[in-house]
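The following exercises treat a two-chain model. Each task is followed by a solution in steps.

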Amino acid sequence: MAVNYDPAIIGRVFETTDPVVVQAEDIRKFNQTIGDTNPRHNDPEADGGMVAPPSFAVTFRNGRHFFEHVPRFGKAGFDAGKDVEFVAPIRPGDAITLKSHVKEIYEKTGRSGSMVFVVIRSTLTNQNGQVVAHVDHRFMNRP
Amino acid sequence: MRYEDVNIGDALGPSEMYLSKDQVRTYAKAMGMLAPRFTDDELARKEGLPGMITPGNMSLAILGKLVTDWIGESGARMTRLGVTYRQPVLPDHTIALNGFVTHKNDADRSVEMDIWIESDEAERLVIGTATVQFPA
């Protein structure tokens, strides 16, 4: 299968979300669902202050039109995985913005045939303009 | 635990976790993941799945917790987590969380590990790697 796409889409930010203010309660709710009782992730009085567990970074929602910008190759596309780089902690009160772009598109041939991977990178920044995380969404397409 | 105390081959877990349908529904609803395949067996089967499945982000969070529990009070920080969803994680089953240290990088005092979620039939449903950075 030939992978044809306009190379100009690589790296271009297609979406910037409105900031979402993180409440301590949102973090605690997340912790409860996975059984995280670590005081640093739950208690505002914890040493050094409460921080969200790192994987809280993947709970921020992309915009409504996110999937319109994920190029499709073939019929079926699904979520194959994620790669997350945690740059700085997220704390209660932070206002988080997501900016998303197509990071790369590549083809792979496995036992079950050809697959095309589309990687979308969402970069999370806080209210001070500091990057807190990069979340790479890996989508797999089968012809 | 200090960087110096960590050895290649050190295990994370294994720890077992019974994942109930209610727990998965609670996660999906709390995170605004309203697709029926995360909340309803019947509707999930209509999509060709064996029943309702665990959201990928929840599997990622469960593996993230395996790593942060291992870090404990050491002052280290998880700086990277990558996961691949190989097969659906079905609730109403007991999963096992596993991992071990694969590399140590003395130059920046970081540690690499393999981590995975195993089914009660010993299949690796979600596999991943993580990096943990220890303080200087």
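**Exercise 1. The surroundings of a lysine**

In which helix of chain B is K29(B) found? Determine also whether K29(B) is buried, partly exposed or exposed.

Solution. The model is a predicted one, in which local features need pLDDT of at least 70 and side-chain atom pairs count only at pLDDT 80 or more, while totals for chains, interfaces and linings use all residues. Residues are numbered from 1 along each chain as its sequence is written, and chains are lettered from A and ligands numbered from 1 in the order in which they are written.

Step 1. K29(B) is found in helix α1 of chain B. Helices (H or I, at least four residues) and strands (E, at least two) are DSSP runs, numbered from the N terminus.

Step 2. A residue is buried if 20 or more other C-beta atoms, placed from the backbone, lie within 10 Å of its own, exposed if 12 or fewer, and partly exposed in between. K29(B) has 13 other C-beta atoms within 10 Å and is therefore partly exposed.

**Exercise 2. A loop residue**

Where is the place of T39(B), and which residues does T39(B) touch, not counting residues up to four places away in sequence?

Solution. Step 1. T39(B) lies in the loop between α1 and α2 (41-46) of chain B.

Step 2. T39(B) counts as partly exposed because it has 18 C-beta neighbours inside 10 Å.

Step 3. Two residues are in contact if their C-beta atoms, placed from the backbone, lie within 7 Å. With residues up to four places away in sequence not counted, T39(B) touches R25(B), A28(B) and M52(B).

Step 4. Two C-alpha separations complete the description. K29(B) and T39(B), 10 residues apart along the chain, have C-alpha atoms separated by 8.4 Å. For T39(B) and D69(B), 30 residues apart in sequence, the C-alpha to C-alpha distance is 28 Å.

**Exercise 3. Strand pairing in chain B**

State the order of the elements of chain B along the sequence, and identify how many bridges join β2(B) to β5(B).

Solution. Step 1. Chain B has 3 helices and 5 strands, in the pattern β-α-α-α-β-β-β-β.

Step 2. Strands pair if DSSP finds at least two bridges between them. Antiparallel strands β2(B) and β5 (residues 124-133) of chain B are joined by 8 bridges; in β5(B), T131(B) is the bridge partner of R80(B).

Step 3. β5(B) also pairs with strand β4 (residues 110-118) of chain B, in the antiparallel sense over 9 bridges. There, S110(B) has Q133(B) as its bridge partner in β5(B).

Step 4. The hairpin of β4(B) and β5(B) has 5 residues between the strands, and A122(B) takes a positive phi near 65° in this hairpin.

**Exercise 4. The contact between the chains**

How many residues does the contact take from chain A and from chain B? Describe the pairing of strands across the contact.

Solution. Step 1. Chain A contributes 20 residues and chain B 23 residues. On the side of chain A that touches chain B, α1 (24-34) and β3 (76-86) of chain A each supply at least two residues. β3(A) gives the largest share, 8 residues.

Step 2. This side of chain A divides into 8 nonpolar, 5 polar and 7 charged residues. Ala, Val, Leu, Ile, Met, Phe, Trp, Tyr, Cys and Pro count as nonpolar, Asp, Glu, Lys and Arg as charged, and the others, Gly among them, as polar.

Step 3. β3(A) runs antiparallel to strand β2 (residues 77-85) of chain B, and 5 bridges join them. Here E85(A) stands opposite R80(B).

**Exercise 5. The helix pair**

At what angle do α1(A) and α1(B) pack, and which residues make their contact?

Solution. Step 1. α1(A) and helix α1 (residues 21-30) of chain B pack at about 160°, with axes 9 Å apart. Axes are lines fitted to C-alpha atoms, for helices over the stretch in contact, and angles run from 0 to 180 degrees between N-to-C directions.

Step 2. α1(A) is therefore roughly antiparallel to α1(B), a term for angles over 145 degrees.

Step 3. K29(A), F30(A) and T33(A) of α1(A) meet Q23(B), T26(B), Y27(B) and A30(B) of α1(B) in this contact. These residues divide into 3 nonpolar, 3 polar and 1 charged.

How values were computed
Parallel < 35°, antiparallel > 145°, perpendicular 65-115°, else oblique.
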